[in-house]
Amino acid sequence: MRKDVRILLVGEPKVGKTSLIMSLVSEEFPDEVPLRAEEITIPADVTPERVPTHIVDYSEAEQSDEQLYQEISKANVICIVYSVNNKKSIEKVTSHWIPLINDRTDKDSRVPLILVGNKSDLVEHSSMETILPIMNQYQDIETCVECSAKNLKNISELFYYAQKAVLHPTGPLYCPEEKELKPSCIKALTRIFKVSDLDNDGILNDNELNFFQRTCFNTPLAPQALEDVKNVVRRNMTDGVKDNGLSLKGFLFLHTLFIQRGRHETTWTVLRRFGYDDDLELTQEYLFPMIKIPPDCTTELNHNAYLFLQSVFDKHDKDRDCALSPDEVKDLFKVFPYMPWGPDVNNTVCTNDQGWITYQGYLSQWTLTTYLDVQRSLEYLGYLGYSIIYEQESQAAAMTVTRNKRIDLQKKQTQRSVFRCNVLGARGSGKSGFLQAFLGRNLQRQRQIREDHKSFYAISTTYVYGQEKYLLLHEVMPDFEFLSEADLACDAVCLVYDVSNPRSFEYCAKVYKQYFIDSKTPCVVIAAKSDLHEVRQHYSLSPHEFCRKHKLHPPQPFTCNSTDAPSKDIYTRLTTMAMYPHARLRCMCACNRCTYCLCQNLLKLELLRSIKAQLRRVMFNRFILRISSSV
């Protein structure tokens, strides 16, 4: 809603513009009226809508045409004042003032107009018969008010309607000729209905209606009031109420009724609560709330965000198969202005045998988006109504900003749940296969993926000593000459080479020596396509010798050419290395000396330390109790 309202009064000389302003301020008719009143600001606390209001007078005798044009361009609403006992002033409304205002305002952002018939105390008849055809002719006219500055009749109402025309305009909501809501209004209210329909059954039941009422108006509806609302809909529509709940048609009818009865502020209150601006677009402030992310920190969803996303999944998983079919995905994203997930998403996360995104895959994709592009994640949560359903100030409440990675290294522990591993290698070395194998797809299933549906990311969960963590794999394009900061910023690195290609390992060796030899980022060499015949690599050192020289783990044999889903052991080890980059030893076998084994032991030690600390606290508390009892 606007932070202030600027009202401009125009009209022919002597119609009483200045008198109206002075009567409002002093609450009495002035004995002497100046040619023009000074600009007046009414404080927010004395206006019905709690918005500061500026009232500006115009005088032909004191102001030039250029000054008038400037005031028209600054005004939020214009009151065209005429005298009810002066036909010439009424004629000038259509012959001069409305054309002048339209010429000086943008066609797409016309200011609302209010016709003000002053001096009603001088006549016994109404001017409405003359004014109604004018109102029907010009859509920009919000309303007409007859008043008297002398008798103080309808003075407060005049400025209230002017304020209301700015803060709660009818134009964007309703088409008076068709007597129905405009398409943009229907679209916005339909999204609001779907967000409020918590069980996605197409009906707002009593609990959902009460939640909606409390969300928008800070007060629930009494049971009788709920029935009265539904009865009004029943009397006017056959399918507005279903199973004792309000259908979408009934919901839209209610808002049409509000507007037709002059209560469009009710509809605007609802729209603004759900993030809409005066043009019925979701505001930037709603979609992209402020969130500070210091350097070397990452973004993750917190527990409440996952609970919310789980409820959204359950709401749309109609067949309860723990996967979203294409129709269910389409239904989920109906509250979005566009489809946010393309076909590549199905090759980024886990799917079922039909290729549908599973529950785990669904959460993984949200985790990926939050990690890579937190602004987009905030936007998506905004469309779904997170801050409204969970009664938070904004979607930023769904985010956790992790601490600086340098602190994790110093403390040798981390609270993060998402770890990124960049996968590098020469073209054709098996990087894509390594990513897809993480999602449980063997070579046969990978061959069914269309080229234009491939993804450079793969994300799923792994378990490190019982703790669920997300591992995000990113396939980096093989450009040795230039690796960006994003290509280097990660928690672990996989250097993949093809054992059957004699020139494949050379790329890995060069990349390691150029970018990672002095880095604290753990690196692992993957000997991909290990089911094929291994050939000698055309490099000065063999892969094993290279790893031994640089104190890396020996190359890890890997293949996805199997009948079953590929093994996930290597991915668990990668996650462990990412969690404990300080524990860098040489091998990855069950020897209690390598990074993987050492990290498992570190976790056991941390668990034992935690148990010992708890025991010490219990013993100390018992000791204190004994002393206090003896005293």
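Me: What makes arginine 450 count as partly exposed?
Reply: Its relative accessibility is 49%. Buried means under 20% relative accessible area, exposed over 50%, and partly exposed in between (1.4 Å probe, protein chains only). So arginine 450 counts as partly exposed at 49%. This is a predicted model, where local features need pLDDT of at least 70, side-chain atom pairs count only at pLDDT 80 or more, and totals for chains, interfaces and linings use all residues. Residues are numbered from 1 along each chain as its sequence is written, and side-chain values use heavy atoms, with hydrogens and water left out.

Me: Why is aspartate 452 called exposed?
Reply: Aspartate 452 has a relative accessible area of 53%, so it counts as exposed.

Me: How do you know that arginine 450 forms a salt bridge with aspartate 452?
Reply: The rule asks for a side-chain nitrogen of Lys or Arg within 4 Å of a carboxyl oxygen of Asp or Glu. The closest N and O atoms of arginine 450 and aspartate 452 are 2.8 Å apart. The pair therefore qualifies as a salt bridge. Elsewhere, salt bridges that share partners join Arg403, Lys405, Asp408, Arg416 and Asp491 into one network. The rule gives a count of 20 salt bridges.

Me: What makes aspartate 408 and arginine 403 a salt bridge?
Reply: Their side chains meet at 2.5 Å, N to O. Aspartate 408 is buried, because its relative accessibility is 8%. Arginine 403 comes out at 29%, so it counts as partly exposed.

Me: What about arginine 272 and aspartate 278?
Reply: They too form a salt bridge, at 2.6 Å, N to O. Arginine 272 and aspartate 278 are both buried.

Me: How do you know that the largest pocket lies between domain 1 and domain 2?
Reply: Domain 1 (5-167) and domain 2 (180-281) both give residues to its lining, so it lies between them. The domain bounds come from an automatic or database domain assignment. A pocket here is an open set of points on a 1 Å grid over the protein atoms alone, where a 1.4 Å probe fits, with protein on both sides within 12 Å along at least five of seven lines; lining residues have an atom within 4 Å of a point.

Me: Which residues lie nearest the centre of the largest pocket?
Reply: Glu142, Pro169, Thr170, Gly171 and Pro172 do, out of a lining of 43 residues.
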